[in-house]
Amino acid sequence: MNRNGASDFLNERNVLDLAVGVIIGGAITTVIRSVVDNLFNPLIGLLVSGQALQSLNFKIASATFTYGNFLNDILNFLITAFIVFMILKFIRKTFKTKPKEEKFDESLQTLKDIRDILHRQEQDILELRKSKN
């Protein structure tokens, strides 16, 4: 790819929007992880066993399974997904875009006219047959 092609690619609006989205998504994820770790996990831990959610585990032989970390990650994911859903819902509601106007295609209109004429002729033929019987 030559230099002009690369700069054209980087100057496209979609690439810049994607970069901004990734940066904001990373920042939001950090905030959400902090909320989950510092607010939700202690509350859940109190309800479950009086200990922090991350410390929940069980052992089989010499292997330790820390299912508390897994539950923590699921909680982070669910809260992140919910917040992203709410943000997108707000953006779509706030910035409704007008539907794109259809481009007038003359050949398509001609085909529609032919269809309508054939339909009318078929109806006329059916009426003639009924009147002859």
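Reader: Where does Asp 37 lie?

Author: Asp 37 lies in helix H2, a helix being a DSSP run (H or I) of at least four residues and a strand a run (E) of at least two, numbered from the N terminus. This is a predicted model, in which local features need pLDDT of at least 70 and side-chain atom pairs pLDDT 80 or more, while totals for chains, interfaces and linings use all residues. Residues are numbered from 1 along each chain as its sequence is written, and side-chain values use heavy atoms, without hydrogens or water.

Reader: What pattern does the chain follow along the sequence?

Author: The pattern is α-α-β-β-α-α, made up of 4 helices and 2 strands.

Reader: How many salt bridges does the structure hold?

Author: Side chains of opposite charge can pair when their charged atoms come close. The structure holds 2 salt bridges, each being a side-chain nitrogen of Lys or Arg within 4 Å of a carboxyl oxygen of Asp or Glu. One of them joins Arg 33 to Asp 73, with the closest N and O atoms 3.9 Å apart. Arg 33 is in helix H2 and Asp 73 in helix H3, so this pair ties together parts that are 40 residues apart in sequence. Arg 33 is partly exposed at 37% relative accessibility, and Asp 73 is partly exposed at 42%.

Reader: Which residue pairs with Asp 116?

Author: Arg 115 pairs with Asp 116, the closest N and O atoms being 3.2 Å apart. Asp 116 counts as partly exposed, at 32% relative accessibility.

Reader: Which residues form the nonpolar patch on the surface?

Author: Phe 58, Ile 60, Phe 65, Tyr 67, Phe 70, Leu 71, Ile 74, Phe 77 and Leu 78 form the patch, with about 870 Å² of accessible area together (Shrake-Rupley method, 1.4 Å probe, only the protein chains shown as cover). Patch members have over 30% relative accessible area and no salt bridge, and nonpolar side chains (Val, Leu, Ile, Met, Phe, Trp, Tyr) are joined within 5 Å. H3 gives the most, 6 residues, and strand S1 (58-60) also supplies at least two. Ile 60, in strand S1, is exposed at 51%.

Reader: How much space lies in the largest pocket?

Author: Rolling a probe the size of a water molecule over the atoms shows where empty space is left. A pocket is an open set of points on a 1 Å grid over the protein atoms alone where a 1.4 Å probe fits, with protein on both sides within 12 Å along at least five of seven lines, and lining residues have an atom within 4 Å of a point. The largest pocket holds about 310 Å³, the space filled by probe spheres set on points joined across faces, edges and corners. Its lining includes Gly 21, Ile 24, Thr 80, Arg 92 and Phe 95. Helix H2 (13-48) and helix H3 (67-94) each supply at least two lining residues, and H3 has the largest share, 6 residues. The lining divides into 7 nonpolar, 4 polar and 1 charged, where Ala, Val, Leu, Ile, Met, Phe, Trp, Tyr, Cys and Pro count as nonpolar, Asp, Glu, Lys and Arg as charged, and the others, Gly among them, as polar.

Definitions and conventions
Patches are made of residues with over 30% relative accessible area and no salt bridge: like charges are joined within 9 Å, nonpolar side chains (Val, Leu, Ile, Met, Phe, Trp, Tyr) within 5 Å. Buried means under 20% relative accessible area, exposed over 50%, partly exposed in between (1.4 Å probe, protein chains only).
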